[in-house]
Amino acid sequence: MFPLAAGVSLCVGAFWWSLTLRHEGAGSVTLQDNGQEWVIGADAQPILPAVWPQELRAAITQAVRTGRLIIPADLAALRDTPETFASRRSARPNIFRVRSPVATAIFESKPRFRWTPVKDATEYRLSLMTKESGKPGNETMLPARTTEWSPDDLLKSGVTYGWRVQAMRGDSIVARAPEQPDAFAWFRILSEPERAAWEREQSAVGDSNFLRGIVAARAGLLEEAAEEFRALGRQNPRAEPARLFLEQVESVGAR
């Protein structure tokens, strides 16, 4: 088995943040990937099409040889806010929390906001703001049985948004998510150039869960990346690298 240990590394430069998986010994692991095989290890050298962008080839080579994913630095900053930690710290039943999107980039301009229910709440108040404005701009009242909602209007691409949900009982707030007063969970909508780049790279790598996960992580689409690495893990249930790739994206965003 290929021994790996998780650790945190800040890459040189202002643009990228990543978690590093350090090799503790020689060896490699072969991952099955929808009919393909990937050798993960310090001595591995993937053969990639020369027509692929150099940055993409470098990201794949890094993941193959070091077990390290490249994730946009701004998502680490969103992750590090106290409200994000509050929303992530417990997945226990009956804990009111925002579920998604949190500390991730998203592709859609009409995101689906999801949260856990509160018993006996009579309605929910969802507030949305841009990071630039620094104050709530839109509030929507939703029925008691609602645990997800999408806005009628398109949100702006390339913009970072914050959101929160308050569980109401009559005129009283009985629970908040995130739980601190005036706290918001944050996410960013891809800009048009980012969307185009992600679509090009996703098309290039085909149906490989491993490569699609790398491409999604590079774009900051951490929920999509997590789904790809979960699929990779199901094909390789005993392979440590498959689990650790998933842990990297899950450690940034809330799930």
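Which residue meets Arg112 in a salt bridge through its side chain? The partner is Glu148, with an N to O distance of 2.7 Å; a salt bridge is defined here as a side-chain nitrogen of Lys or Arg within 4 Å of a carboxyl oxygen of Asp or Glu. The model is predicted, and local features were therefore taken at pLDDT of at least 70 and side-chain atom pairs at pLDDT 80 or more, whereas totals for chains, interfaces and linings use all residues. Residues are numbered from 1 along each chain as its sequence is written, and side-chain values use heavy atoms, with hydrogens and water left out.

The structure holds 12 salt bridges. In the pair described above, Arg112 lies in the loop between strand 7 (105–106) and strand 8, and Glu148 in strand 11 (residues 148–149), so the contact ties together parts that are 36 residues apart in sequence. Helices (H or I, at least four residues) and strands (E, at least two) are DSSP runs numbered from the N terminus. Arg112 is partly exposed at 49% relative accessibility, and Glu148 is likewise partly exposed at 37%; buried denotes under 20% relative accessible area, exposed over 50%, and partly exposed the range in between (1.4 Å probe, protein chains only).

A salt bridge is also formed between Glu228 and Arg212, whose closest N and O atoms are 3.2 Å apart. This pair links distant parts of the chain, with Glu228 in helix 6 and Arg212 in helix 5 (residues 209–219), 16 residues apart. Glu228 is buried, at 16% relative accessible area, while Arg212 is partly exposed at 24%. Salt bridges that share partners join Asp74, Arg188 and Glu194 into one network. Arg188 is buried, with 8% relative accessibility, and Glu194 is partly exposed at 31%.

Helix 6 (residues 222–235) comprises 14 residues and reaches 20 Å from its first C-alpha to its last. This span is close to the 20 Å expected at 1.5 Å a residue, the expectation being 1.5 Å times one less than the number of residues. The buried residues of helix 6 are Leu222, Ala225, Ala226, Glu228, Phe229, Ala231 and Leu232.

Thr116 is found in the loop between strand 8 (113–115) and strand 9 (123–130) and is buried, with a relative accessible area of 13%. A polar atom of the Thr116 side chain lies 2.9 Å from the backbone oxygen of Ile95, and a distance of 2.9 Å likewise separates a polar atom of this side chain from the backbone nitrogen of Arg97. Residues that Thr116 touches (heavy atoms within 4.5 Å) include Phe96, Tyr124 and Thr147, not counting residues up to four places away in sequence.

Backbone geometry was also examined. Most residues other than glycine have a negative phi, and most peptide bonds are trans. A cis peptide bond joins Ser100 and Pro101, with omega about 0°, and Pro101 is found in the loop between strand 6 (98–100) and strand 7. The Ala177 to Pro178 bond is also cis, with omega near -10°; Pro178 is found in the loop between strand 13 (172–177) and strand 14 (185–189). Positive phi values occur at Ala103, near 50°, and at Asp120, near 70°.

Note on methods
Polar contact = N/O pair within 3.5 Å; in protein donor to acceptor, adjacent residues only side chain to side chain.
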